[in-house]
Amino acid sequence: MQNKLLLDLGERAAWTGAQAALGLAVVELADLPVWWAAPVALALASAKSWVAGRLGRKGTASTLPASADPASHTSVV
């Protein structure tokens, strides 16, 4: 379970970093003020959610396959 949690945390951190980096790259290329990076990154997050809704397991926001997604498995406590 801990391995899947680390995989989930890694996925979330990677997506957040990619969205922030792309947001900064877009505003730099468009020669816009840096504060525009936040709205651009939010738009990218929305696009990621749309993609995850089509590719990921229904009811989760993960883009991981169901076998690796901790939200896809119920644990008995």
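A patch is made of residues with over 30% relative accessible area and no salt bridge, with like charges joined within 9 Å and nonpolar side chains (Val, Leu, Ile, Met, Phe, Trp, Tyr) within 5 Å. A salt bridge is a side-chain nitrogen of Lys or Arg within 4 Å of a carboxyl oxygen of Asp or Glu. Accessible areas follow the Shrake-Rupley method with a 1.4 Å probe, and for residues only the protein chains shown count as cover. Leu-5, Leu-6 and Leu-9 form such a nonpolar patch on the surface, together exposing about 280 Å² of accessible area.

The model is predicted: local features need pLDDT of at least 70, side-chain atom pairs count only at pLDDT 80 or more, and totals for chains, interfaces and linings use all residues. Residues are numbered from 1 along each chain as its sequence is written, and side-chain values use heavy atoms, leaving out hydrogens and water.

The chain holds two helices and zero strands, these being DSSP runs (helices H or I, at least four residues; strands E, at least two) numbered from the N terminus.

| Helix | Residues |
|---|---|
| H1 | 2–29 |
| H2 | 37–55 |

Because its relative accessibility is 13%, Gln-19 counts as buried (under 20% relative accessible area; exposed is over 50%, partly exposed in between; 1.4 Å probe, protein chains only). Beyond its neighbours within four places in sequence, Gln-19 is in contact (heavy atoms within 4.5 Å) with Ala-41, Leu-44, Ala-45 and Lys-48. Helix H2 is included in what covers the buried residues of H1. Of the chain's 77 residues, 23% count as buried.
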